[in-house]
Protein chains: 2
Amino acid sequence: MREFTIGELSRLTQVNIETIRYYEKIGIMPNPPRNSSGYRVYSAPYFERLSFVRRSRELGFSQPEVRKLLTLVDEHKYTCAEVREMTVMHLSTVRSKIKDLRKLEKVLANMVSECDGGDIPDCPIVDILSAVPDADRKKPTTTGQPFS
Amino acid sequence: MREFTIGELSRLTQVNIETIRYYEKIGIMPNPPRNSSGYRVYSAPYFERLSFVRRSRELGFSQPEVRKLLTLVDEHKYTCAEVREMTVMHLSTVRSKIKDLRKLEKVLANMVSECDGGDIPDCPIVDILSAVPDADRKKPTTTGQPFS
DNA sequence: GCTTGAGTCTGTAGCGACTACAGGCTTTAT
DNA sequence: ATAAAGCCTGTAGTCGCTACAGACTCAAGC
């Protein structure tokens, strides 16, 4: 069976060497065997597991989620329903992130459109940023720039 | 002029007390005066600066970006063009995040739609997650699940 | 005056998910 | 033989906070 050094595994999986060691430390990757001088010796199953982890991370699954996915796979007793449920939940958090970012996008786009980009120190964006928080709309006693 | 304790400032700005102290430590907020027993004493300009910071963070500006915005404002010599440029750049990173998340959403939605949610340990989502990385499509010698 | 509870103080450690060294050993290539 | 590249461990840094611990102070009620 083909064997890899950590560097080869890193190149093959596109996962940083330190990240691989980090995954080992936190128990996401199992401790691989070592050769006579203490180097880690990886083989195909490690490659596959690491690919799985990488792909899951790429798709935005969190560390605990990845852990759970791995457990399900490891223990050979996961059901499609369980995996699907995790994915559905993850999908909904992705969707709500998109929603939030779109709101943000609108606000920022408005800010930019209200600003003429002139050379003088007078900018509507700064005014918008200086707005007081929602929780307490009563204006404080002064109205100047903070520490200007 | 109205004065606040840190707790009052926290309530008014909706910024956590520890976060206010943290901002002070990292220099985003200036050191406020202290009363005889060492309590921080805030006043309107602090309130305004903290509101500015909060709003900027809400809009997703990073710590260095906030710092830069503050410097521009503090030094009274920012130009509208500079602020606008930062905002435009920030807007474009927000847009690319949205793009990425939408790709993600598609992949996840596809994964879910291919999965029938059955009770048996056989799931197309796991197969997708197990796919090898792009960088090296040559399959390794084995094809089994990682560590299953 | 005394107590109780809330508020504040400093300092440190933790989170997630890595990344970046330092300082030393081993392997490989020339 | 020597230099470069690779690997090892361990620790500290990143960002943006949050959560304590342990000590002090303040305001209100009795």
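Mentor: Before any angle is quoted, note that helix axes here are lines fitted to C-alpha atoms over the stretch in contact, and that angles run from 0 to 180 degrees between N-to-C directions. Keep in mind too that this is a predicted model.

Trainee: At what angle do α1(A) and α2(A) pack, and how are they oriented to each other?

Mentor: Two packed helices are described by the angle between their axes and the distance between the axes. For α1(A) and α2(A), the axes are 9 Å apart and the angle is about 105°. Angles of 65 to 115 degrees count as roughly perpendicular, and therefore α1(A) and α2(A), at about 105°, are to each other roughly perpendicular.

Trainee: Which residues of α2(A) make the contact with α1(A)?

Mentor: On the side of α1(A), the contact is made by A:Ile6, A:Gly7, A:Leu9 and A:Ser10. By class, the contact of α1(A) with α2(A) has 4 nonpolar, 2 polar and 1 charged residues. The residues that α2(A) brings to this contact are A:Ile17, A:Ile20 and A:Arg21.

Trainee: How many of the 8 residues of helix α1 of chain A are buried, and which elements do the buried residues pack against?

Mentor: Helix α1 of chain A covers residues 6-13, and it is largely enclosed by the rest of the structure because 6 of its 8 residues are buried. Those buried residues are A:Ile6, A:Gly7, A:Leu9, A:Ser10, A:Leu12 and A:Thr13. The elements of chain A that they pack against are β1 (3-4), α2 (17-25), β2 (42-43) and α3 (44-58).

Trainee: Turning to chain B, where is B:Gln14, and is B:Gln14 buried or partly exposed?

Mentor: B:Gln14 has a positive phi of about 65° although it is not a glycine. The place of B:Gln14 is in the loop between α1 (6-13) and α2 (17-25) of chain B. Its relative accessibility is 49%, so B:Gln14 counts as partly exposed.

Trainee: How far apart are the axes of α1(B) and α2(B)?

Mentor: The contact is made by B:Ile6, B:Gly7, B:Leu9 and B:Ser10 of α1(B), together with B:Ile17, B:Ile20 and B:Arg21 of α2(B). These residues divide into 4 nonpolar, 2 polar and 1 charged. The two helices pack at an angle of about 105°, and the distance between their axes is 9 Å.

Trainee: Which residues does B:Ser43 touch, not counting residues up to four places away in sequence?

Mentor: B:Ser43 is placed in strand β2 (residues 42-43) of chain B. With a relative accessible area of 14%, B:Ser43 is buried. Not counting residues up to four places away in sequence, B:Ser43 touches B:Met1, B:Arg2 and B:Phe4.

Trainee: At what angle do the axes of helix α4 and helix α5 of chain A cross, and how are these helices oriented?

Mentor: The axes of α4 (residues 63-74) and α5 (residues 80-114) of chain A come within 11 Å and cross at roughly 165°. Angles over 145 degrees count as roughly antiparallel. The crossing of roughly 165° therefore makes α4(A), relative to α5(A), roughly antiparallel.

Trainee: What is the handedness of the crossing in which α4(A) passes α5(A)?

Mentor: The contact is made by A:Glu65, A:Lys68, A:Leu69 and A:Leu72 of α4(A) and by A:Glu82, A:Val83, A:Met86 and A:His90 of α5(A). Those residues divide into 4 nonpolar, 1 polar and 3 charged. The crossing in which α4(A) passes α5(A) is left-handed.

Trainee: How far apart in space are A:Val73 and A:Val83, C-alpha to C-alpha?

Mentor: A:Val73 is in helix α4 of chain A, and its relative accessible area of 4% means that A:Val73 is buried. In sequence, A:Val73 and A:Val83 are 10 residues apart, while in space, C-alpha to C-alpha, the separation is 9.4 Å.

Trainee: Over which residues of chain A is the pLDDT below 50?

Mentor: Chain A averages a pLDDT of 81, and 76% of the residues score at least 70. One stretch has a pLDDT below 50, with 14 contacts in the model beyond near neighbours in sequence. Where pLDDT is low, the predicted coordinates should not be read in detail. In chain A, the stretch below 50 is residues 135-144.

How values were computed
Residues numbered from 1 in each chain as written. Chains lettered and ligands numbered in written order. Predicted model: local features only at pLDDT ≥ 70, side-chain atom pairs only at ≥ 80, totals over all residues. Heavy atoms only, no water. Helix = DSSP H or I, 4+ residues; strand = E, 2+ residues; numbered from the N terminus. Parallel < 35°, antiparallel > 145°, perpendicular 65-115°, else oblique. Left-handed = near helix turned anticlockwise from the far one by under 90°. Contact = heavy atoms within 4.5 Å. Nonpolar A, V, L, I, M, F, W, Y, C, P; charged D, E, K, R; others polar. Buried < 20%, exposed > 50% of the residue type's maximum accessible area, 1.4 Å probe, protein only. pLDDT = per-residue confidence, 0-100.
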